[in-house]
Amino acid sequence: MDNLRQLEKFTQEHSYEEITDMETNFLLSLYEAVAGLVLKGEKVSLLRVSKVVKVSPKELMDYLPQIVEMERQLGVPNE
């Protein structure tokens, strides 16, 4: 399944409100960042994701539940 379909599935399953196009694009970038780290075998952390999406780790804290869900969908084992 391509990244856009994965994101659409994610937002349908976990969204209780309308999200803007801007937020959708950001979530897609976030998903691609998380998927890229996973594919490289790197640990997913707010710092690493922030470097890819160019947003501070503090700002990414608001998206922590989404990042955790993305990891779960990508099959990252819990540690």
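This is a predicted model: local features need pLDDT of at least 70, side-chain atom pairs count only at pLDDT 80 or more; totals for chains, interfaces and linings use all residues.

Q: Fine. How many helices and strands does the chain have?

A: The chain has 5 helices and 0 strands, and along the sequence the pattern reads α-α-α-α-α. Both kinds of element are DSSP runs numbered from the N terminus: helices are H or I with at least four residues, strands are E with at least two.

Q: At what angle do α2 and α3 pack?

A: About 120 degrees, with the axes of α2 (residues 21-39) and α3 (residues 46-53) 9 Å apart. Those axes are lines fitted to C-alpha atoms, for helices over the stretch in contact, and angles run from 0 to 180 degrees between N-to-C directions. The two helices are therefore oblique to each other; under 35 degrees would count as roughly parallel, over 145 as roughly antiparallel, 65 to 115 as roughly perpendicular, and the rest is oblique.

Q: And which hand is the crossing of α2 and α3, left or right?

A: Right-handed. From α2, Phe26, Ser29, Leu30, Ala33, Val34 and Leu37 meet Arg48, Val49, Val52 and Val53 of α3, where contact means heavy atoms within 4.5 Å. By class, that contact of α2 with α3 has 8 nonpolar, 1 polar and 1 charged residues. Ala, Val, Leu, Ile, Met, Phe, Trp, Tyr, Cys and Pro count as nonpolar, Asp, Glu, Lys and Arg as charged, and the others, Gly among them, as polar.

Q: OK, how far apart are the axes of α2 and α5?

A: The axes of α2 and α5 are 10 Å apart, at an angle of about 50 degrees. That makes α2 oblique to α5, and α2 passes α5 in a right-handed crossing. Leu27, Leu30, Tyr31 and Val34 of α2 and Gln66, Ile67, Met70 and Glu71 of α5 make the contact, which divides into 6 nonpolar, 1 polar and 1 charged residues.

Q: Which residues of α5 are buried?

A: In α5 (residues 64-73), the buried ones are Ile67, Glu69, Met70, Glu71 and Gln73. Buried means under 20% relative accessible area, exposed over 50%, and partly exposed in between (1.4 Å probe, protein chains only). For the chain, buried residues make up 32% of the 79.

Q: Switching topic: is Leu28 buried or exposed?

A: Leu28, in helix α2, counts as buried because its relative accessibility is 19%. Leaving out residues up to four places away in sequence, Leu28 touches Asn3, Leu4 and Leu7.

Q: What's the phi of Lys54?

A: Lys54 has a positive phi of about 60 degrees, although it's not a glycine. Most residues other than glycine have a negative phi. Lys54 lies in the loop between α3 and α4 (57-60), and it counts as exposed because its relative accessibility is 73%.

Q: And which residue follows α5 with a positive phi?

A: That's Gly75, with phi near 80 degrees.

Key
Residues are numbered from 1 along each chain as its sequence is written. Side-chain values use heavy atoms; hydrogens and water are left out. A crossing is left-handed if the near helix is turned anticlockwise from the far one by less than a right angle, and right-handed if clockwise.
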